[in-house]
Amino acid sequence: MQALRYVSPSLVQVIEPAAALRNRPDAAASWTTEALFGEVVRLFEIKGDWAWVQLKADGYVGYMHAAALSTDVTPATHHVAALGTILYPAADMKTPPSGSLSMTAQLAVQEMVGSFARLTDGRYVPAQHIATRGTCATDHVAIARRFLGAPYQWGGKTRGGLDCSGLVQVALAACGHAAPRDSDMQSAELGRAVDVTGDLAHTQAGDFIFWKGHVGIVSGPDALLHANAYHMAVVEEPLRATVARIAAAGSSVTAIRRLSP
């Protein structure tokens, strides 16, 4: 059956440090994911305070506060390569900050001013915290490890809070790899299957281990790095003990996947 009406989206850009996406236009609704500063999204409709959008990066659809979006879309020249950075109104670290950004936030830099980068919106970030677009990290385990201690936040993707699949998506994005947002999609699409029986002898650093609704990153011999609700934080803990603990709670490993060389 054909649709009665088609809506052609317009491109808009996130201007808040992070903007939560929800499955309904309600501030009490749970987050499904976050869009970070500078991210381009497709705007379909605005009703009241809410915008119905699709994230261009991973295709997620939902509702976002319209005030978090701008119709002025400026192509990114850089991204935040550090765990996070601070936005300043001047090229002076003693000025009161106007916000903070998390890793992979997209930036449009107009010029370098000493040790600061001046953005096209007139604000500044420390130049040490950013990298030119296309310059990527090479070790997603090392990137994920930088989030150790960050609180667990359902739907989150920043150092202020993130969930298991958000940690994987951000770590891979920092390394130039696009990844789906949810763990079930990651289990089906990331790299190649190494072993589906849960035989941990086949794992190596960088592998992804999946359970129903959960994903972790093998970070070393008998080590697992993951954002999880058990600790309500990003932690690194013994792999086999973690697998046993999750199994005792009724969930077994469903897949082990590895990025292609």
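**Notebook: strand E21 and its surroundings**

I began with a pairing: valine 218 has leucine 224 in E21 as its bridge partner. I note that this is a predicted model, in which local features need pLDDT of at least 70, side-chain atom pairs count only at pLDDT 80 or more, and totals for chains, interfaces and linings use all residues. Residues are numbered from 1 along each chain as its sequence is written, and side-chain values use heavy atoms, with hydrogens and water left out.

**Entry 1: pairing of E21**

Two strands count as paired if DSSP finds at least two bridges between them. Strand E20 (residues 214–220) runs antiparallel to E21 and is joined to it by three bridges. Their hairpin has two residues between the strands, and aspartate 222 takes a positive phi near 50° there.

On the E22 side (residues 233–238) I found six bridges, again antiparallel. Leucine 225 stands opposite glutamate 236, and alanine 223 opposite proline 238. Four residues separate E21 and E22 in their hairpin, where methionine 232 in the turn has a positive phi of about 55°.

**Entry 2: burial of E21**

Is E21 buried or exposed? I used under 20% relative accessible area for buried, over 50% for exposed and partly exposed in between (1.4 Å probe, protein chains only). Six of the six residues of E21 (residues 223–228) are buried, so the strand is largely enclosed by the rest of the structure. In a regular strand, side chains alternate between the two faces of the sheet. Here Ala223, Leu225 and Ala227 are buried on one side, and Leu224, His226 and Asn228 on the other.

**Entry 3: asparagine 228**

I then examined asparagine 228 in E21, which is buried with a relative accessible area of 4%. For polar contacts I took N or O pairs within 3.5 Å; within protein, one atom must be able to donate a hydrogen and the other to accept it, and residues adjacent in sequence count only if both atoms are side-chain atoms. The asparagine 228 side chain reaches the backbone oxygen of histidine 226 at 3.3 Å, and one of its polar atoms lies 3.2 Å from the backbone nitrogen of tyrosine 230. Beyond neighbours within four places in sequence, asparagine 228 is in contact (heavy atoms within 4.5 Å) with Tyr152, His214, Ala233, Val235 and Glu237.

**Entry 4: the sheet**

Finally, I traced the open sheet of six strands, ordered E18-E23-E19-E20-E21-E22 with antiparallel pairing. Strand E18 (192–195) and E22 stand at the edges with a single partner strand each, so one side of each has no neighbour in the sheet.
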